[in-house]
Amino acid sequence: MRAKYDRPVTIGVAWVRQGSDSKELWIASDSRLLGTDGYIWDSCAKLSTLSRRDAVVGFAGGTQEAFPLMTQMANAVSSFRALTEGILEFFHCIGHLEVVVNDMMNALTIDPGVRAELPWKTAFSTGDDTIVLAGYSRSADNFIIRFLRYQPDIKVWKFARVAPLSADS
């Protein structure tokens with residue numbers, strides 16, 4: 001008998017730590033992938049440093065959309081010299097990756113051999129997936145953390161600001 005996992009556990013966190021003389025960007029994730037049939041695969045990468053060396057992308061949740069998007073974002077940066085060499089500022093990197101994400105999400109189709117309909121995707125298929133993009137902005141002179149969200153009013157995926165936690169949270 002195979003077990004059914006109704007609620008897989010996954011975690012991803014990102015924060016900026018203030019040291020005595022500098023700030024540090026920290027990002028972490030679990031490394032477990034769960035198959036729909038109950039199989040577990042540990043030690044899988046859910047984080048990827050981008051080839052521009054001042055940015056990282058990661059995900060928490062299911063892999064159906066998140067992992068291909070993370071991989072494509074890493075490839076998009078590595079194939080664009082102005083991003084790879086850090087010539088373009090981090091906010092330009094965010095804008096470029098939003099185009100990549102929207103192109104991919106808008107290209108989703110159903111396999112012709114499957115009889116089903118694909119509703120307009122307004123969220124990741126597994127609901128609680130999160131993609132985080134973080135890096136250093138020279139113009140803001142600070143680390144920036146953004147998470148990918150669908151914005152239904154304009155029908156696009158955008159990297160949104162992460163609300164900072166207070167010390168009381």
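Student: Is Arg17 buried or exposed, or partly exposed?

Tutor: Residues are sorted by relative accessible area: buried is under 20%, exposed is over 50%, and partly exposed lies in between, with a 1.4 Å probe and protein chains only. Arg17 has a relative accessible area of 38% and is partly exposed. This is a predicted model, in which local features need pLDDT of at least 70 and side-chain atom pairs count only at pLDDT 80 or more, while totals for chains, interfaces and linings use all residues. Residues are numbered from 1 along each chain as its sequence is written, and side-chain values use heavy atoms, with hydrogens and water left out.

Student: With which residue does Arg17 form a salt bridge?

Tutor: Side chains of opposite charge can pair when their charged atoms come close. The criterion for a salt bridge is a side-chain nitrogen of Lys or Arg within 4 Å of a carboxyl oxygen of Asp or Glu. Arg17 pairs in this way with Glu24, and the closest N and O atoms are 3.2 Å apart. Glu24 is partly exposed, at 31% relative accessibility.

Student: How many salt bridges does the structure hold?

Tutor: There are six salt bridges. One of them joins Asp42 to Arg32, with 2.7 Å between the closest N and O atoms. That pair links distant parts of the chain, 10 residues apart: Asp42 sits in the loop between β4 (40-41) and β5 (47-49), and Arg32 in the loop between β2 (23-29) and β3 (33-34). Asp42 is partly exposed at 38% relative accessibility, and Arg32 is partly exposed at 35%.

Student: Which residue does Arg81 meet in a salt bridge?

Tutor: The side chain of Arg81 meets that of Glu85, at 3.6 Å from N to O. Arg81 counts as exposed, with 58% relative accessibility, and Glu85 is exposed as well, with a relative accessible area of 52%.

Student: What helices and strands does the chain have, and in which order?

Tutor: Helices (H or I, at least four residues) and strands (E, at least two) are DSSP runs, numbered from the N terminus. The chain has three helices and nine strands. From the N terminus on, the order is β-β-β-β-β-β-α-α-α-β-β-β.

Student: How many aromatic pairs are found?

Tutor: Rings of Phe, Tyr and Trp (its six-membered ring) pair if their centres lie within 6.5 Å; planes under 30 degrees apart are stacked, over 60 edge-to-face, and the rest tilted. A search of the whole structure gives four such pairs. Among them, Trp15 and Trp26 are stacked, 5.8 Å centre to centre with 10 degrees between the planes. Trp15 lies in strand β1 (residues 12-18) and Trp26 in strand β2, so the pair ties together parts 11 residues apart in sequence. Trp15 is partly exposed at 37%, and Trp26 is partly exposed at 41%.

Another pair, Tyr136 with Phe143, is edge-to-face, with 5.4 Å centre to centre and 75 degrees between the planes. Tyr136 is partly exposed, with a relative accessible area of 28%; for Phe143, also partly exposed, the value is 22%.

Student: What share of the residues of the chain count as buried?

Tutor: Of the 169 residues, 32% count as buried. Accessible areas come from the Shrake-Rupley method with a 1.4 Å probe, and for residues only the protein chains shown count as cover. The accessible surface of the chain is about 11,000 Å², and 54% of that belongs to carbon and sulfur atoms.
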